Structure formats: structure tokens, C-alpha cells
Amino acid sequence: MSPWNQTLRRLAPWLVAALLLAVVFLRVDLAATARALGAADWPRFALAALPFAALWLLIDAAALSRLVSRFHAPVDFASMLRLRGGTYLFLVLSYDAAQAALALALSRRLRVPLLALGGTFLFYYAIDLLTIAGLGSAGARAIPGARGAALRPALALLLGAVAVALVVGAWLARRKGDLGPRWLRGARLLETLRRATLRDAAELIGWRCLFYGSFVAFAAATLPAFGIHVPLAALVACVPVTLSIAALPITVSGLGSAQVAMLALYGGFADEAAIVAYSLAHTASLIALRLPIGLACWPAVAATASMDASQLTRRSET
């Protein structure tokens, strides 16, 4: 890859974020957004944000500890808490970067093939999509007008597509003998899908519901600080969908994509300038809260990266 292509690849998320923000502010008055930011109840927003940042990390680490322990090797909650916290530095850039960093750290720590861990995280992502589609379908009826009418079939289609993909994938991965594609037989990427049960899926869906439920609670606590009032049922649909769009690796930390998503989903409930102001505060708060957590926990990730083979062997035996 040429230096020019490498530079363009690094700049692409920033350029897409700038483009999306430009589109947002072509629609929404910048001065009105600034006034909405100035009129917000910042003490209320900050007091809600601080405890929720810790809660999100605790839930995420507990779910990941269970996931990796179930399909690979035991990882205690405290260790996963430090590793996940350390990868928050990458989460500031994108969700995919953080997951890749966590997979690399776990692969080195547990001496598990990276492809096998990648398959586990792909399975976890499919569970995540099922949860988002299920919660969204349950709450979309509370979203008025064309927004709700468009969201309901889209989420139902996503729910059906992911469920079918999981069932077909598991069936193909478990075929024996000469049946099924040759590349599927024994593929490390499919080890988790081959071993996963309905009980595993239900447990992980429960963890993701808890995770998104905490974000719904955060939105319910902080939206009124910007004069925005959204029914709880609608938040059950809007919050997971917004987070999933913001997590797409097309912009830095969801900047731009989160604003577009919130405008599309919350537009029927409040003034658009207030929605954009809230979305900017939401994105900025996630970055501001994750950075100190990442810096505090980074030594755990760095220590894993510097382990030599003998240390890894001793660690895996304890």
C-alpha cells in the first residue's frame, strides 16, 4: 500500500465524521445548537454520567468474562475488568478497534488461537444484533409517524436475518463427514458456533439486555437536562439502535454517525437543535469518561503484550 493510500485510510474516519457533521448542520442551525448546549442542565448530566461509566464497564467485563471462560479458558472478572478497561483507549477510536485489541490481549494471555477468539467475538456480535433488533422491535411502536413505521419492518428483517444466519451457520458447522463445504470442517473460526447452545445464546442475550438497559436508564436520566422528553418504550428502541450505528467503524468514536442517528430517531420528540446538542454532549462524555479508565487500566494490557512464553505458560496454569 502506497504512503498516500495509508494516509487516506487513516484520515477516512475523520473525513466521514466531518462530512456527516456538515450534513447535520446544513439541516440544523449551528447557533441554535450552541444555545441549546448553553441552556442545558450540565450538573444533572454530569452527575448521571459518572456512575453510569463505571456501571457500563462492570457489565461489559462480567459478560466478556463469562463468554471467554465458557468457550476458551477461565478468565476471572477482575482480570477481564482490567483488560476491558485498558482497551477503552481503543474504544475512543471505534468499537471494532477495541474488540480487536481485546482479542489480541486475550489470545496472548490465554494462548488461544486468534481465529478461535475471533469466531467467539463474531458470535457475540450476532447475539448483540439479535438483542438490538429484539429490543428495537419491542419499543418501535412508541415512535410516532414515519420514523416508527420505517423502523419496525427494518428491525424485524434484521431479527429474522440474524436468527436464520445463526441457525444455518451452526447447522453447517456441525455437519460431519463429507457433508457440507470442506472449509467448514474443523475451522477454528467456527469453534464457538459449533459448541454454542440455546442456553448460551439466552444467557448472552440477557447480558446484552442488561447492558443496553443501563444505557436506556442513562438516556432517561440525562435527556431532560436538554429539555428532551422521550417515552421509556421509545428509548428501548432508540438507544440500542443509536449505539449500534455509532459503533460502526466509519467515523471516530461515532462522531457524526451518532448525530445523524439521533436526529432520525428522536426527531419526533423534541427540537432538532436540542437533539443535536444532546448527541454532541453524549459523544463527548463517552470519550471523556473512557479515556481516564483506559489510562488507569492500560498497564494490564501492556503487561500482557510484554509477556514471554514462559510467563504465559505459568499464567495459564494458575
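Helices (H or I, at least four residues) are DSSP runs, numbered from the N terminus. The model is a predicted one, in which local features need pLDDT of at least 70 and side-chain atom pairs count only at pLDDT 80 or more, while totals for chains, interfaces and linings use all residues. Residues are numbered from 1 along each chain as its sequence is written, and side-chain values use heavy atoms, with hydrogens and water left out.

Ser-107 sits in helix H6, which covers residues 95-110. With a relative accessible area of 16%, Ser-107 is buried (under 20% relative accessible area, with a 1.4 Å probe and protein chains only). Apart from its neighbours within four places in sequence, Ser-107 is in contact (heavy atoms within 4.5 Å) with Val-112, Pro-113, Leu-114 and Leu-117.

Turning to a pair of helices, H3 (residues 42-71) and H4 (residues 77-86) pack with their axes 8 Å apart and at an angle of about 120°, where axes are lines fitted to C-alpha atoms over the stretch in contact, and angles run from 0 to 180 degrees between N-to-C directions. Among the residues that make this contact are Leu-57, Leu-58 and Asp-60 of H3, and Phe-77 and Met-80 of H4.

Finally, which helix supplies the largest share of the lining of the largest pocket? That share, nine residues, comes from H7. A pocket is an open set of points on a 1 Å grid where a 1.4 Å probe fits, with protein on both sides within 12 Å along at least five of seven lines, and lining residues have an atom within 4 Å of a point. The largest pocket is lined by 46 residues, of which Leu-91, Tyr-95, Asp-96, Leu-243 and Ala-247 lie nearest its centre.

Technical notes
Helix = DSSP H or I, 4+ residues; strand = E, 2+ residues; numbered from the N terminus. Buried < 20%, exposed > 50% of the residue type's maximum accessible area, 1.4 Å probe, protein only.
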